[in-house]
Amino acid sequence: LTGQVVVWKLDAVALGSASDKRRQMIEADKTHGVPKLGFLKMSEIEFSHSRVVTDIQWFPEGVEFDRRKGLQTKPGLESHRFFLTASGDGQLLVWNWAETKEKMLDLKDDASRKEMVWVPYASVQISRRDSGCEMSLSSIRLATPEEGEERATTKLWAATEDGEVALIDWGAKAEEGQKPEYVKKVLDFARTWRPSVAFERSPF
């Protein structure tokens, strides 16, 4: 409930499924066969969300984020490198996991890796257009690029704790003398009167 982001290592060795001794323990006593997992990396609390993280979305393969140029599609880049987190504090945080992982590999031991500071690569505060208050995000889904757009888009659909459904462009630019308008539209007809707990794109 701290708003931090935690990465876990869930390979066969960490889970114990690769160990003959572990399998024997599971067969002998189910209670002793439950693996105890330690986290691989945890974000710094003072730079994380101020409320619990409500959703995580990975950018598509081959997509990178640059603070000046925004999202970019790079052909041949197959791995997922960046992800986005949302929270009831109204923030969208961008995390560069690929760079963080590379830095961790350069360190010699687990203690040094855990001590390495991990902070978001970028942050955006989503506020309501009418009141300026934070928009408490409960679930997000990356929008499908429209015709003519690249595969990388900064638009997403969001559900809120107030039951709203909104289209957000977290890469929106500000006009001269004004703040960026990240909330592009709110679907009032789709509003519920209790917090939204799940949000999925229709397959039809």
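Colleague: How many bridges join S9 to strand S10, and which way do the two run?
Modeller: In this predicted model, five bridges join S9 to strand S10, residues 155-160, and the two run antiparallel.

Colleague: Which residue stands opposite Ser139?
Modeller: Ala159 in S10 stands opposite Ser139.

Colleague: What order do the strands of that sheet have?
Modeller: The order is S9-S10-S11-S12, in an open sheet of four strands with antiparallel pairing. Its edge strands are S9 (137-142) and S12 (183-186), and each of them pairs on one side only. From one strand to the next, the twist averages 25°.

Colleague: What about the sheet with S3 in it, which order there?
Modeller: That open sheet is formed by four strands in the order S3-S6-S7-S8, and the pairing is antiparallel.

Colleague: Why is one side of S3 left without a neighbour in the sheet?
Modeller: Strand S3 (53-58) stands at an edge and has a single partner strand, so one of its sides has no neighbour in the sheet. Strand S8 (122-125) stands at an edge too, also with a single partner strand. The twist in this sheet averages 20° from one strand to the next.

Colleague: How is S6 joined to S7?
Modeller: By five bridges, with S6 covering residues 82-87 and S7 covering residues 91-96; the two strands run antiparallel. Within that pair, Ala86 is opposite Leu92 in S7.

Colleague: And S7 with S8, how many bridges?
Modeller: Four bridges, again in the antiparallel sense. Gln91 stands opposite Gln125 in S8.

Colleague: Staying on S8, where do the side chains point?
Modeller: They alternate along the strand.

Colleague: Which strands does helix H3 lie across?
Modeller: H3, residues 97-106, lies across S3, S6 and S7. Relative to S7, the helix runs at about 45°.

Colleague: Different topic. What do S4 and S5 form?
Modeller: They form a hairpin, with three residues between the strands. Strand S4 (residues 63-66) and strand S5 (residues 70-73) run antiparallel and are joined by four bridges. Asp66 stands opposite Gly70 in S5.

Colleague: Where is Trp8 found?
Modeller: In strand S1, which covers residues 6-8.

Colleague: And what is the relative accessible area of Trp8?
Modeller: It is 47%, so Trp8 counts as partly exposed. The cut-off for exposed is over 50%.

Colleague: Now the whole chain. How many helices and strands are there?
Modeller: The protein chain has four helices and twelve strands.

Colleague: How much of the chain counts as buried?
Modeller: Of its 204 residues, 38% count as buried.

Colleague: Last one. What share of the contacts join residues at least 24 apart?
Modeller: The share is 60%, taken among contacts in the protein chain between residues at least 6 apart in sequence.

Key. Residues numbered from 1 in each chain as written. Predicted model: local features only at pLDDT ≥ 70, side-chain atom pairs only at ≥ 80, totals over all residues. Heavy atoms only, no water. Pairing = 2+ DSSP bridges. Axes fitted to C-alpha atoms, helices over the stretch in contact; angles between N-to-C directions. Contact = heavy atoms within 4.5 Å. Buried < 20%, exposed > 50% of the residue type's maximum accessible area, 1.4 Å probe, protein only.
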